[in-house]
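Work through the exercises below with the model open. Each task is followed by its solution.

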Amino acid sequence: MNAEEILNLLVDEFGNEKITGSNLEAIDPWVEVSAGSIEEVSRLLKTDDRLQFDHLNNLCGADYFEVDEKKKAKFGHEPHVEVVYHLTSYSLRHKITIKVCVPRWKDDKEGELPDVPTVSTVWKIADWHEREAFDLVGINFVGHPNLNRILCAEDWVGHPLRKDYEFPLEYHGIRGK
Amino acid sequence: MSVTLEDPRIVEFDVRTDEMLVNMGPQHPSTHGVLRLLLRTDGEIVNEVTPHLGYLHRCAEKIGENLSPVQWIPYTDRMDYLAGMNMNLGMSLAVEKLVGMELPEKAVVLRVLIAELNRIASHLVGMGAYGLDLGTFSPFLYAFREREIILDLFEEACGARLTYSYLTVGGATHDLPTTIPIPPGLASLTHRSPNLKLSWLEAVSMFLDWLEPRIKEYHTLLTRNHIFIKRTAGLGILSREDAIDFGCTGPVLRGSGVDWDLRRDGDPIYTKMYDDFDFDVPVAPFTDAPREAVLGDNWCRFYVRMMEVAQAIRLVRQAIEKYPTAEGTHRVPHKMATKLPKDECYLETECPRGAMGFYFVGNGEVNPLRARAKSSCFCNLAPTAPLCEGFLLADIPAVVGSLDIVMGEIDR
């Protein structure tokens, strides 16, 4: 199936409230899914006979935010955080990109991580990928069995891939800058 | 081997004792770098495995967001440092896909030649180090003797022996050298004068002629070795379903019987590089496997790698033949300060350890908004816990070694 057919299938199944957007002209065509329904959409993507997306290539977060006041006008995106899922089907040999967009902070309270339901119940590898996205980008995967830091130290403060992250000046007596 | 002794008293007295927490690593020789496995053991039996990663973490993705993609290439060398060329290739292709760049035939053939030669070097280390994990030292010495010649050849081509930054956006930084002094290792192994001068391609050819018959010897020494089979076959069985569910790629996936190689089944921008080349994709189960071997066990994963060396030799030979007559140049100009389009792309390439993916989000600036490196070993390491639990402590190096991980790539 090509991206357009996959999009149509998803819209038929879930409607426009859950499938919130798409871009079929992009280099890798993507479909945007509302945060609340990502788990059920993922489950269908994996189990439906016409889709069979059994392989989660990649799961990562991205922070869309411009720190520099002068560049903000040219930035072209509303500040938000994305979770991107790249999927491939080994049996049907097609692929698709799924996106979930959430605000940078939950309820606009700085420091409160935005919620996205976990898909580790659908693909086992999502467990580690989500831990990494939590660690580096700062996304709270609701329902994850073990949402702890995976690459940074357990007591690390902040999420390094956030654009407004400030490198600590000191860590356990080790000077930073 | 999972322990199922019928008389529980024997288990109580001989195998099981008290539960104990053991830290294996981060400096254990068989964890291939700085990986810490937290083991909950009961005597000799491992009940629980928790991998702890991140000892080499330097947040390469954050660095990538603050550099232009060309400037980021040296950082990709340091991800899978045993296959730097393949890392360079994957990243360059992702950028080329994003900016929409076509390469001349010569650059493509050069890339195939270099990438496959690096695959041989990488799998040689994989083989040697796996032997070390299982307590045999000699294959390691042979593997490093061979690899040394490849490193000498790479040094002649780009000046570096490990962190090459040779394949770059638009092709390769330099054309292949014409005349080089024969690598000292090659001269002594083939009984030639150390003062001999020859072309780079001739030297590669000479090396392959020498290497190819040796592979049979490695099989005798290691693959068919009785002790090696006892330690690997039927152990660490990763089912086809689990291999897919855990996102395993490369030899780990093919060792579990999934016929998928990105050089043949991947993104068109990548597969078209290999269109004019003939090669087979070795996939388990193998008809010549020993009786004890089971689909998806340590032995199968190891054997897939060994078979891939033979295929890589085939590919390099074809590339050597094509290179002198290939059209175009080794590099199309690409300015370091090229602005990336407002688009995004994700591309995976078949690296020796699996599918290494690069994801770039451009936003009309020189630096990407997001630069992501998805590590293949990261996913290949994920099934460690289910593979090791319930087995003997001594089997853990055999399982972790067969996954062939490089921590520099996992931690990024």
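**Exercise 1. Salt bridges**

How many salt bridges does the rule count over all chains?

Solution. First, the ground rules. This is a predicted model, in which local features need pLDDT of at least 70 and side-chain atom pairs count only at pLDDT 80 or more, while totals for chains, interfaces and linings use all residues. Residues are numbered from 1 along each chain as its sequence is written, chains are lettered from A and ligands numbered from 1 in the order in which they are written, and side-chain values use heavy atoms, with hydrogens and water left out.

Next, the criterion: a salt bridge is a side-chain nitrogen of Lys or Arg within 4 Å of a carboxyl oxygen of Asp or Glu. Applied over all chains, it gives 48 salt bridges.

Now take one pair. B:Asp242 forms a salt bridge with A:Lys124, with the closest N and O atoms 3.0 Å apart. B:Asp242 lies in helix H10 (residues 240-245) of chain B, and A:Lys124 in the loop between strand E6 (115-117) and H4 of chain A, so the pair joins two chains. Helices (H or I, at least four residues) and strands (E, at least two) are DSSP runs, numbered from the N terminus.

**Exercise 2. The interface**

Describe the contact between chain B and chain A.

Solution. Start with the residues. 44 residues of chain B are in contact (heavy atoms within 4.5 Å) with 46 residues of chain A.

Then the area. The two chains bury about 3800 Å² between them, 55% of it on carbon and sulfur atoms. Buried area is the accessible area (1.4 Å probe) that two parts lose on being put together, summed over both. B:Asp245, B:Trp260 and B:Phe378 supply 16% of the area that chain B buries against chain A, more than any other three residues.

Then the charges. The rule finds nine salt bridges across this interface. One joins the side chains of A:Lys163 and B:Glu65, at 3.1 Å from N to O.

Finally, the elements. Strand E8 (residues 344-351) of chain B gives the most to the side of chain B that touches chain A, with four residues.

**Exercise 3. Backbone**

Which peptide bond is cis, with omega near 0°?

Solution. The bond from B:Ala284 to B:Pro285 is cis. B:Pro285 lies in the loop between helix H13 (268-271) and helix H14 (298-322) of chain B.

Next, examine phi. A:His172 has a positive phi of about 50° although it is not a glycine. A:His172 sits in the loop between strand E8 (170-171) and strand E9 (174-175) of chain A.
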